[in-house]
Structures are given as structure tokens and as C-alpha cells.
Amino acid sequence: MESDEARVRLPQLRLDELLEELQARLDAARGTRDRVHSLLEAVLSVGRELDLEQALHSIVEAAAVLVDAEYAALGVIGPDGRRLSAFHTVGVTEEQIVRIGPFPEGHGILGELIRRPEPLRLTKLSEHPASYGFPPNHPPMNTFLGVPIRVRDQVFGNLYLTEKRGGGLFDEEDVSVTSTLAVAAGVAIDNARLYEESRLRERWLRASAEISHRLMSGSVSGEALGLIAERAREITGSALAAVATPMEETGSLAVEIAVGVDAEDHRGLVLSADRTLMGLAFSRGAAVISADVLHDERVSAEPPRFAGLGPAVAIPIGTGGTGGTGGTGGADGAGGPGGVRGVVLLAREAGGPLFTVEETEPLEVFAAQAALAMELAERRRDAEEIAVLKDRDRIARDLHDLAIQRLFATGMTLQSAGRFIEHSEASERVLRAVDDLDETIKIIRSTIFGLRAREGGAGTGLRARAVRVAGEAAGALGFAPSVRMEGLIDTEVPKEIADHVVAVLSEALTNVARHARAGRVEVVLVTDGRELVLTVRDDGVGIAPGGRRSGLRNMAERAEELGGRLEWESPAGAGGGGTTLVWRVPVGEP
């Protein structure tokens, strides 16, 4: 009996063991199925992201869930290939991050993965030879799993996972799952970068189209330069954008446009064309990058103007050069390339990302397209000016051949008729009418002379020269000043006085551009044959009571030399609502 009972219990025990083993295998299969399902969900979730920052955050979250890690991070390897340029974390609160301090740059175990991009699994972090230790206030971490993320054939960054929940260790299955996620992450990152590049390219194209449209609609080059600076600053995420153009007299660069942080400190600066950051970009015709513009030896320390700024790049505006991006080395150019119209400087806040070669290439294309649009607009204005000049020739010819001849014939007829008028008062009226006709003929002849005046295709008279000076000042002002003229400017103003007028007008507009911060300037040039009066009026901040007066003194001396005088009015000093400058000299017999 007892032996029979033993035989019954033995199969029962074996059956229980088999059932338990089967249950364990079923649980393992179910766990594997659930894990594969979770992995597929993670791959799909990561693959749907097109925003790069969001995609990186989704990858870190998915990795932490898949291997049941308490902490996870994704480090992006910087352009130098040796340090981390960005760090995305899961499991650490914002308060903890603040207490810990700056994100790691790639020392210790993190650097080990950068140097050897292959999966790394550790039981205890501190026991590895490359362990660098943790900063104060850092949570304790022992178990570790690191897996590289490759985008095509290049290592983009690394996944770091620590502290498996429940006190367990990361196993080979964790490595396999994380490596599979890393492959999917590489594809997702590549897609997000391509999408980001396409959106960025679209923004550059829209900006180029906007500038071209403005220029072809008649905007002056100063407005175009301002638009170039503003759009480049917005698209690159820069804190400051400044534009400098060459000065024909000295060969230096003058900063005409500045927008963003401390823009006022940059406007009006004169920079060397071969020893400064912007000067090197101008002379080489290629981009020049600075890792820290505040401490760059190619940037003058005075006046201080780059506080709080770091990475910067200077881009030539034009098509003069096709050289590579400049750094701290490279030979200096022998002079600015003929196609370069100026330079735009972009600077980001300190701690911001460096400007890379890949980022500066579309910038250079944008600047070249903007310069091409400016040149086309100038050619169009030249063509319009030629058409106007041809029309003036026709008008002058018609006035000479038709109007003057008819008036002359009418005057001769009246003179002949006057002999037969016996009434003295009627005879005097006829003679006065003949004199008026003679005066009218003189006026028409002076108009014809003004219409036909040339200087290499442009007018040599004071009228044309004054218009040119005002147009050239538009770049520095940022807008075109209004110009109004009255009287026989070209015929009744001697050339010597006209030269002084041009010099005074240029000096006055330059002062407005450098000091007034005006939004409107009006130029009025009037002569009655006895006196010439030049008035320049702006709506700027006025003349500071203790400011330098060298420009005003020069203009006053010119007036006194010709027997005239200079007057100016600036209500309530600086900030008082603009300045009115009146320069008057005699031009004929009183």
C-alpha cells in the first residue's frame, strides 16, 4: 500500500514541476511579447517626430521605459567630435539640474563612449578605470548601460541609462533592445534634421524673395541692408546683426545698420578692412567665424559693445569670393573682392551654439542673392535714369525748336506793331510784353541747359549733384531724404559756390546719419538769383549741448568765406525734436 501511494505522489510532483516550468516559459514569452510590442510602439512614436528637439526627448523617454531605468540621458556630440554639445535627460528634476550645475561635456564614462562608440554595460560605474566621479548634489548611480546612436555612417550621440529599477542589473536583452531603439532613433534624427533643413531653406528663400521684391519696388539700398540684417538675425537665432559697407575715401568699413542687443553701440563705427573680423570677411570674400566675439583678438576692445555675446560669424554681402569659411588662420586677402558690397555680422548670446560651416553656407548664398538683387535694382534704376535723360533731351529739343522760336517770332511781331501805336500807354504795355517774352526765353534757355547738362552720363549741374549726394546718404540714413529745389539752380549758381554747397550738404547729411537717429530728413535748395539758401531739417534727437561742433564749424567757415552765414536751430538741445540747419551765401549782385 505505501509503495503504491509513493508511486502516485511521484508523478504528481513531476507534473507540478512541468506545469511551473511551462508557466515560467509562458510568462517569459508573454514578457518578450510585451517588450517587443513596447519596442515597436517606441520605434513608431520616435519615427513620427519631425521636430529635432522633441524627437531627441522622445528617444530618451522611450529608452528609459524599455529597460526600466530610473535615469536616462542623450548626449549630442559637438562639431569637434570630442565633446557633448547638448544633453537631454529624463528622471532628474529641474531643481536637481540647477543644483548640479552645467551639463557634462564628455569626461569620464561619457567620454569613453565618445572615444569608443560601442555598447557599454557596467555593474558599478565607480569601478571603471575611466570613471570621473559625480559633481555635488548629483543623485547616486551604479548600474550603467551606454549605446551609441548613429545617423547614417556618423555617430550622432549616445544613450546613457542608469539605475535599473528593482535593484537589478542591465542584461544582454537590455543591450539588444536599446541598440534596436538606437537604430530607429538614428533614422528619426536624420528625418528630423532633413525636415529642419528644408524648413530653414524655405525661410531663406522667402527672405531672399522679400528683399528682391522690396528692391524691385523702388526701395533704396539702405532699406535692403536693414532687411538683410533683420532676416539673418531672425533665421539664425542671433542676438545682434550689424552691416558694414566700404568707404570709398579711406577703404575702411563703416557700420551703417545694427539691430538687436546694444545696436546703438555699433552704428557709425569705422573698422579696418584687413585687421578686424568684418574686415577679413570683406577682404577675403568668405565667411569668418569666431567662437567668442567678446574675447576675439580680431575685434577691437574699444568701444565695448559685445557684452553677453559669444559665437559670431561675419558674412560678405556679394559674390566676390568662393573661398572656404575662415577661422583663426588663413592668409589675408589683398583687398575686398570687386563683387562684395559689404559685410553682415551675426552674434549669438554667450553659451549659444557655434556657427558651423553647414550653417554659414546658406547664409553666404542668401547674402550673395541679396547683393545680386541690389545690383539688378541699381541697373534698373540706371536704365530708368537713361530713359529720363533721353526724355529730357527730347523736351529740350522741342523747347528749342518750337517754343523758343514761336516766342521769338511773337516778340518780333509785337515790336513791329509797337511802331504803329500812337497811344503812349498802349505802346508801353506792348514794350513790357516784349521784355517779358525776352525774360521767358532766357528762362527756357536756362532750363534747356539744365536738361542737357552731363557728367559721364549724369548731370554736372548743382541740381543733379545735390540729388546724387542725397541718394548716396540714403544707405547711411536707412531711408531716402526728401529733396526740393526752387529757382535756376544750375545757371545762376557759380561752379565754385556749387562745390561748397555739395560739400556742406554731404557734411550735414553725414552728421544726421551719425548722431541724429532721425526717421526723416528734408533738403531744400533755393535761389532767387541773388542768394542761395540750403536748408537741411531732420526729426532726430537734436544737437547735444556739450557735443563736438567741428562739422558745424567747417560749414560756417565755408559760408563766411563766400560772404554768407550758417544758422541752426535745435530746440531744447538733445532730444528736443530735431535740428534745422540753414546755410546761405550770395550768388549775384544785390
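The expected span of a helix is 1.5 Å times one less than its number of residues. Helices (H or I, at least four residues) and strands (E, at least two) are DSSP runs, numbered from the N terminus. Helix 2 (residues 52-67) has 16 residues and should therefore span 22 Å, which agrees with the 23 Å between its end C-alpha atoms.

The model is predicted: local features need pLDDT of at least 70 and side-chain atom pairs count only at pLDDT 80 or more, while totals for chains, interfaces and linings use all residues. Residues are numbered from 1 along each chain as its sequence is written, and side-chain values use heavy atoms, with hydrogens and water left out.

The protein contains 13 helices and 16 strands. Of its 590 residues, 42% are buried, where buried means under 20% relative accessible area (exposed is over 50%, partly exposed in between; 1.4 Å probe, protein chains only). Among the contacts (heavy atoms within 4.5 Å) with a separation of 6 or more, 65% join residues 24 or more positions apart.

Helix 2 has a number of buried residues, including Leu52, Leu56, Ile59, Val60, Leu66 and Val67. Just after this helix, aspartate 68 takes a positive phi of about 60°.

Further along the chain is a sheet. Strands of a sheet pair through backbone hydrogen bonds, either parallel or antiparallel. Here two strands pair if DSSP finds at least two bridges between them. Five strands form an open sheet in the order 12-13-14-16-15, with mixed pairing. Strand 12 (482-486) and strand 15 (565-569) are the edge strands, each pairing on one side only. On average, neighbouring strands of this sheet are turned by 10° against each other, direction ignored.

Strand 14 (residues 531-538) runs antiparallel to strand 13 (residues 521-527), and seven bridges join the two. Valine 521 is placed opposite aspartate 538 of strand 14. The two strands form a hairpin with three residues between them, and glycine 529 in the turn has a positive phi of about 90°. Strand 14 is also antiparallel to strand 16, with eight bridges between them; valine 533 stands opposite arginine 584 in strand 16. Six of the eight residues of strand 14 are buried.

Angles run from 0 to 180 degrees between N-to-C directions, and axes are lines fitted to C-alpha atoms, for helices over the stretch in contact. Helix 10 (residues 462-477) packs on the sheet and touches strand 12 and strand 13, its direction making about 165° with that of strand 12. Helix 12 (residues 495-516) lies across strand 13, strand 14 and strand 16 (579-586), at about 10° to strand 14.
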